[in-house]
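Hi everyone, thanks for coming along. Let me bring the structure up on the screen, and then we can walk through it together.

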Amino acid sequence: MRARHFTLDGQLKFAHLSGDYNPMHIDPVYARRLIYGKAVVHGIHSLLWSLEEWLKNLEVPFVHIDKLAVAFNRPVSLDEQVTMHVGKETANSVELSLKSCGMLAMKAKIEWHASDVHENCDAIPDRAPLQTECCDLPKIALLGISERVDLMVDRGEFLTLFPVCHAKISAPQYTSLLTATRIVGVHCPGLNSVFEELSLAFAEDASGSSIHYSVTAFDERISLATLTLDGDFCSGRIKAFYRPPIKQQRSFAELQPYVDKSEFAGQRAVVVGGSRGLGEVAAKLLAAGGADVKITFVKGA
């Protein structure tokens, strides 16, 4: 069992490495308005750390991952202690799990074999993805989306963050994992996304530098999208939830007509949690009515 804390600084470094700059992972002020109420760790970040810890004690020169299936059961918060456990293990398979607050956060099953070849693939550019805005797609537009995403990785930065993975896993494989989080967090569903599951099968020998994805199913009842992957090095499937978008409250100017400008004149009010939600609306209405308003907040002045 190994334990660690994921920090905001580590998340920012992983965002630069993967190209997944979704604010739910790197912006605590923005993330406070989201479904979890706080910033959470990239699922693929936690997976790669788990692989890193497992590989440290694996006495083979190189590892070729044949198949990988991972489920992200529970979000991991920044600065929350997580523990990695190695479960059932055979000569060519292993089960890894991650727990936080005593609950299962991630479970992965890996089928692999030892290899004498460490394939770096010169076709994959040695650079980090550019930082781009996350696509803010309407839910009704997801089904049928199809796009090809280029693979790329800053090998030096990957070496710094995951030295054992860099030494034992081929660049096409770890780059495919990094690209999966960029697909979900930036492209589709994009801004309003939660990564749920990933399953991949890797080719023994392949060439190229891209992954094609298409949304082949969308369950409206639970807002769950299924993405089919067809890459130069791998094929598989992603499941990702369409997360409820942030509810934007009305502006001060829009709320002013609802109260008389002297309706609360001479009154002093303290609004607890006044930076968002009902507290934000109450503070604006009181101020529009002439009250002397003070608000409390944890983040988001």
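Let me begin with a definition: rings of Phe, Tyr and Trp (its six-membered ring) pair if their centres lie within 6.5 Å, and planes under 30 degrees apart count as stacked, over 60 as edge-to-face and the rest as tilted. What you see is a predicted model, where local features need pLDDT of at least 70, side-chain atom pairs count only at pLDDT 80 or more, and totals for chains, interfaces and linings use all residues. Residues are numbered from 1 along each chain as its sequence is written, and side-chain values use heavy atoms, with hydrogens and water left out.

So, how many aromatic pairs does a search of the whole structure find? Six. Take F72 and F195: the ring centres are 5.3 Å apart and the planes sit at 70°, so this pair is edge-to-face. F72 belongs to strand β2 and F195 to strand β7, so the pair ties together parts 123 residues apart in sequence. Strands here are DSSP runs of E, at least two residues, and helices are runs of H or I, at least four, numbered from the N terminus. F72 is buried at 9% relative accessibility, and F195 is buried at 12%. Buried means under 20% relative accessible area, exposed over 50%, partly exposed in between, with a 1.4 Å probe and protein chains only.

Now to F158 and Y174, whose rings have centres 3.8 Å apart and planes at 10°, so they are stacked. F158 is in helix α5 and Y174 in helix α7, 16 residues apart, and both are buried. Together with F14 and F162, they form one aromatic cluster.

Next, helix α4, residues 43-55. All 13 of its 13 residues are buried. From first C-alpha to last, α4 reaches 18 Å, close to the 18 Å expected, where the expected span is 1.5 Å times one less than the number of residues.

Last, a look at H25. Where is H25 found? In helix α2. H25 is buried, with a relative accessible area of 9%. Leaving aside neighbours within four places in sequence, H25 is in contact (heavy atoms within 4.5 Å) with Q11, D20, A39, V40, V41, H42 and L78.

That's my tour, so over to you for questions.
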